[in-house]
Amino acid sequence: MSLEEAFEETKKELTITTDQLNEITNHFVDELNKGASVNGGNIPMIPSWVLNYPTGNETGEYLAIDLGGTNLRVVLVTLLGEGKFKFSSEKYPIPEPMRTGNSPDELFDFIALNLHNFVISQFGEINKIEKPLPLGFTFSYPALQTAINTGVLKTWTKGFDIDGVEGNDVVPILQNSINKLKTPINVVALINDTTGTLVASKYSDSKTIMGLIFGTGVNGAYYDMANEIPKLHGKLPDDIVENNEPMAINCEYGAFDNEWKVLPRTKYDIQIDNESPRPGEQFYEKMIAGYYLGEVLRLILLDYYSKNLIFKDQDIKPLQAPFAMDTSYPSRIEEAKDKSFIDELFLESFNIKITSIERNLIHDLCILIGTRAARLSVCGIAAICKKRNYTSGHCASDGSVFNRYPNFKSRAHNALNDIFQWNCDPKDYPIQLIHAEDGSGVGAAIIACLTEKRLEQGKSVGIKSKI
């Protein structure tokens, strides 16, 4: 097989047609409905217990933390009303060993200590704080919630795998670590970053219909009506039933099609899954999320090398290390105006000298990988629109892939047009991906505010029975 033939084969595998988009989207709708059913499905469709829409007039000071893929972020948010807010924040890198430890204490004590120090930096001495500060905890991992202030971790994702957390409520674990330091903080709400994105953006933009994350992982959240969620039938408190209140649903749809019925997985996707900490899980996420795009490129190049098509007579040992390429590699390669940058990148990173043919090949592979990710990403958006009969609105989007990957947004819009056949000027597409407000910080704070008000009014924030 020649290099040209190998590339054409790869191109065919990575190209997502309009017919495939429609097939995947239709199956996605089925899986969303199945996930919301009594028996459940691959997509967890987790009721978040974030009840009611924000009005935009909420005010007050609230703390928020975000346990993301690689960093802990601590935020103090001041809600000003009229859809406005201000905030200050700090980021703390999470040491690699903490992500796969044998005990939760090390990670949660680390969170509590940084939170404690942040509060001191913002308020001065702890004893000057008159009453406990309400905290919204953004926990961006699949957690089963029977109340807004509880969350039982179902499974770790994004490279985390800490013993003693799965199957347990993470709120008291965090609160216990906070209490060790006697920091005056109450964890009042546990949220997912996608739910936070939805709420924060709706606080500032009433046209928001869903919150989306395209970053280390992928996910979507939207509002459904509480009485219309089958898995909650017979389990909702009376006040929620009587008002049929809107509730944000955290889809966790990175697990879409774990049964592998419609996703056009390549041998590279299968290898990534087989070598991951959790084989057989998160199939959709592993094809489109930022954690994996660089790895797809690396595996394709290794495959070509094994067939003696590229990098001939060179030592490629540095490239053989798993995840030696993060997603910044395909992103920077595609974005580079001068392709000689690719030569420099490979020489500096892997001590590999590339030819002009290899340079163009690598560039074209990055376009294919980025385009596939963008096109597959919109199937979740289109499915939510079909499920909720949305014909227009803003999809609040955040994450490193959305914000930094070249051409992601335009490719996503083109794919939505392929599905819905609007056939008008892209700026007039009725469904638009827009940059989200800060979901992990502002969103968590707004949700803490909404929860605090519900509790003050004696309204329900969850149920006691299992979902």
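This passage describes the overall build of a predicted chain and then looks at one of its helices. Local features are reported at pLDDT of at least 70 and side-chain atom pairs at pLDDT 80 or more, while totals for chains, interfaces and linings use all residues. Residues are numbered from 1 along each chain as its sequence is written, and side-chain values use heavy atoms, with hydrogens and water left out.

The chain holds 15 helices and 13 strands, both being DSSP runs numbered from the N terminus (helices H or I, at least four residues; strands E, at least two). Its C-alpha atoms fill a box of roughly 70 × 50 × 40 Å along the principal axes. The radius of gyration, taken over C-alpha atoms, is 23 Å, which agrees with the value near 23 Å for a compact globule of 467 residues (the rule is 2.2 Å times the number of residues to the power 0.38).

Of the 467 residues, 59% are buried, that is, under 20% relative accessible area with a 1.4 Å probe, protein chains only. Among contacts (heavy atoms within 4.5 Å) with a separation of 6 or more, 71% join residues 24 or more positions apart.

Along residues 340-350, the buried positions are I342, L345, F346 and F350. These residues lie on the same side of helix 11, because they cover an arc of only 90 degrees around the axis, judged by the directions from the helix axis to the C-beta atoms. Their cover includes helix 9 (290-306), helix 10 (328-335) and helix 12 (356-388). After helix 11 comes N351, with a positive phi near 55 degrees.

Technical notes. Buried < 20%, exposed > 50% of the residue type's maximum accessible area, 1.4 Å probe, protein only.
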